[in-house]
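Subject: A structure for you to look at

Hi,

Here is the structure I promised to pass on. Have a look at it first, and then read on for what turned up.

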Amino acid sequence: MTKILLLSDTHGYMDDAILKHAAEADEVWHAGDFGSMEVVEKLQNTNLLRGVFGNIDGQEIRTEFPEELFFEVEGVRVYMKHIAGYPGKYSAKVKLAIENYKPKLVVCGHSHILKIMHHAPTQHLHINPGAVGKSGFHKVRTMVKFNLHKGTICDAAVIEFNK
């Protein structure tokens, strides 16, 4: 079993509460808009970090992370892209990536809106963890933790912080 912490839209903000959860995970996934290399470095010091760059990320982060990421953990195929939309509203490029890669989990960020939903036509789970940074319109900072085990996504929980 692999414990995952999924976050997005830190916008340069990192605190001890986020790092505590990161240290408890086996892997930390960041769905873009890190906002600074300091955030990247702090997360890299906790555990394995996977991520994609977001629209606010500068060249240094864009050199370190791709625009989209395809990988597999515990038999779960994952597709990650910062700006992906959501089921029924994916861009043509994202639809094609999902059609070709056939992920079980699609991860994105950008909207600052926590969204976890199943997409029946392609049989994947869509997760946008919302925003855990302090910049943006969101009222509550959120991130998601879950486990991957033998091809399943289980034990998901939303972590909330006051803004």
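The charged end of R77 sits over the ring of Y101, at 4.1 Å from the ring's centre. Please keep in mind that this is a predicted model. A second case of this kind is K115, whose charged end lies over the ring of Y86, 3.8 Å from the centre.

Y101 also takes part in a ring pair, and here its partner is F70. The two rings are edge-to-face because their planes stand at 70°, with 5.0 Å between the centres. This pair connects distant parts of the chain, since F70 belongs to strand β4 and Y101 to helix α4, 31 residues apart. How accessible are the two partners? Y101 counts as buried because its relative accessibility is 15%, and the cut-off for buried is under 20%. F70, at 37%, counts as partly exposed.

The sheet around these residues

Strand β4 belongs to an open sheet of five strands, ordered β4-β5-β6-β8-β7, with mixed pairing. At its edges are β4 (68-73) and β7 (114-119), each of which pairs on one side only. On average, neighbouring strands in this sheet are turned by 15° against each other, direction ignored. Helix α4 (residues 92-101) packs on this sheet and touches β4, β5, β6 (105-107) and β8 (124-129). The direction of α4 makes about 165° with that of β5. Between β4 and β5 (residues 76-81) there are six bridges, and the two strands pair in the antiparallel sense.

Altogether, the structure holds five aromatic pairs. One of them is formed by W29 and F71, edge-to-face with 5.0 Å from centre to centre and 85° between the planes. Again the pair links distant parts of the chain: W29 is in strand β2 (residues 27-30) and F71 in strand β4, 42 residues apart. Are these two residues buried or exposed? W29 is buried, with a relative accessible area of 0%, and F71 counts as buried too, at 7%. Ring pairs also bring in F146, so that W29, F71 and F146 are linked into a cluster.

The other sheet

Strand β2 leads us to another open sheet of five strands, in the order β3-β2-β1-β9-β10 and again with mixed pairing. Its edge strands are β3 (48-51) and β10 (152-162), each pairing on one side only. Neighbouring strands here are turned by 25° against each other on average, direction ignored. Helix α1 packs on this sheet, touching β1, β2, β9 (140-149) and β10, and its direction makes about 155° with that of β1. Helix α2 (residues 37-44) lies across β1, β2 and β3 and runs at about 140° to β3. β1 and β2 run parallel and are joined by four bridges; in β2, H30 is the bridge partner of L7.

One last residue

H30 also meets T10, through a polar contact of 3.0 Å between their side chains. T10 lies in the loop between β1 (2-7) and α1 (16-24), and at 0% relative accessibility T10 counts as buried. Leaving aside residues up to four places away in sequence, the residues that T10 touches include D33, F34, V39 and V132.

Enjoy exploring!

Best wishes

Technical notes
Residues are numbered from 1 along each chain as its sequence is written. This is a predicted model: local features need pLDDT of at least 70, side-chain atom pairs count only at pLDDT 80 or more; totals for chains, interfaces and linings use all residues. Side-chain values use heavy atoms; hydrogens and water are left out. Two strands pair if DSSP finds at least two bridges between them. Axes are lines fitted to C-alpha atoms, for helices over the stretch in contact, and angles run from 0 to 180 degrees between N-to-C directions. Contact means heavy atoms within 4.5 Å. Rings of Phe, Tyr and Trp (its six-membered ring) pair if their centres lie within 6.5 Å; planes under 30 degrees apart count as stacked, over 60 as edge-to-face and the rest as tilted. Buried means under 20% relative accessible area, exposed over 50%, partly exposed in between (1.4 Å probe, protein chains only). A charge sits over a ring if NZ of Lys or CZ of Arg is within 6 Å of the ring centre and within 35 degrees of the ring normal. A polar contact is a pair of N or O atoms within 3.5 Å; within protein, one must be able to donate a hydrogen and the other to accept it, and residues adjacent in sequence count only if both atoms are side-chain atoms.
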